[in-house]
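Hello,

Here is the structure I said I would pass on. Please have a look, and then read my notes below.

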Amino acid sequence: MTTQSKVNSRLRTLVCSGSVSAVLILLMFRATFGQGGNTIGGHVFGDDHRPLADLNVELLDELSRTMGRGRTNSSGRYFFTGLSAGRFKIRVLAFGTDYEEQEQDVEIVNFNRSSGIGDTRVLGHVNESRDFYLSRRKVATGLGAPGTVFAQDVPDNAKKLYKEGLVHLENKRTKDGYSSIKQSIEAFPQYFAALETLGVEYVKAGYFEAAQVLLTLAVNVNPRAYKSWYGLARSLNSQKKQAEALIAAEKAIEINSLAPESLFLAGTLSRQAKDYAKAEKHLMKAQEVSGDAIPDVHWELALLYANGLERYREAAKELKLYLKALPEDKNAEKIKKLIVDFEEKAKKTSE
């Protein structure tokens, strides 16, 4: 389903009923780029040039408006494609870690050639590269738990196979990457890094049942593994095991109470379970720590207030904030009509 199809589906749900499928934030990518063949990519590193996986990376225009979002892969790589010429910003959002957010400017310049009869042709495409080396936060914020290294005495052959798998994944040799990491687990069944990496990769690829098995093993080995708990929650939710998914999401929150993606998922699942007080608590916290980085928090709050709690004034407010974060949404006019409808209902209920 396309991004716009998802938006249309959510709009129909908001009008007609009180239920909506949970939005999996680690898989969202708004494809609102201008037409073009240019790219921007690079790697994100932490201490000792260690690649940082699963960090949110945003592409912004020169006015700091969000054009797209993605995540770093297991090798810390991010990539944006289909870009036109212009000035951009790349911003790394280090949620769930004790690293500082970082931003870099990028300018793409294409060389054009005129045919002399009125048309202009772009000569080639530009592939810009920007690497990030994140710094630790100067003041402890309680965000460091997920970044804690889990130490294991791993056999050398298992380590070798795991490293080979990471190289394959980095070079988009996915099948070979899966195979090498599987072999590393066969060589050492308690290999936490391999279990978590392959489990997370399977979540991204949509192999949710296999991901559930691997990530369940991972959290049994390391019960403080934030990424494994969150990935497990996503895999369970995608299999429509919402009750189990909520338990896993709340385990992730216990480890890192300021991770917006887990708060968002737990809030969505709580709303679906009609635990409205818990849903509001999680969603409001997700909004507090993420700002406008996750516009769908406003959408979920609007669903909660309109269909669950009948607090229409607040539902209208959240839809306004959603449009403020995504002003170019193709359903903007329909959403504006909903805002008016909710404001009218709010007046009637207050009379």
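Predicted model: local features only at pLDDT ≥ 70, side-chain atom pairs only at ≥ 80, totals over all residues.

More on α9. Its buried residues are Ala 279, Glu 280, His 282, Leu 283, Ala 286 and Ser 290. The cover over them includes α7, α8 and α10 (296-308). Gly 291 follows α9, with a positive phi near 65°.

Next, α7. This helix covers residues 242-255, 14 residues in total. From first C-alpha to last it reaches 20 Å, close to the 20 Å expected at 1.5 Å a residue. Buried here are Ala 245, Leu 246, Ala 248, Ala 249, Ala 252, Ile 253 and Ile 255. They pack against α6 (226-238), α8 (260-272) and α9 (276-290).

Last, a helix pair. α2 (residues 156-170) and α3 (residues 174-187) pack at about 165°, with axes 7 Å apart. Angles over 145 degrees count as roughly antiparallel, and α2 and α3 are therefore roughly antiparallel to each other. Their crossing is left-handed. On the α2 side, the contact residues include Leu 161, Tyr 162, His 168 and Leu 169. On the α3 side, they include Tyr 178, Ile 181, Gln 183 and Ala 187. The residues of this contact divide into seven nonpolar, eight polar and two charged.

Best wishes

Notes
Residues numbered from 1 in each chain as written. Heavy atoms only, no water. Axes fitted to C-alpha atoms, helices over the stretch in contact; angles between N-to-C directions. Helix = DSSP H or I, 4+ residues; strand = E, 2+ residues; numbered from the N terminus. Parallel < 35°, antiparallel > 145°, perpendicular 65-115°, else oblique. Left-handed = near helix turned anticlockwise from the far one by under 90°. Contact = heavy atoms within 4.5 Å. Nonpolar A, V, L, I, M, F, W, Y, C, P; charged D, E, K, R; others polar. Expected span 1.5 Å × (residues − 1). Buried < 20%, exposed > 50% of the residue type's maximum accessible area, 1.4 Å probe, protein only.
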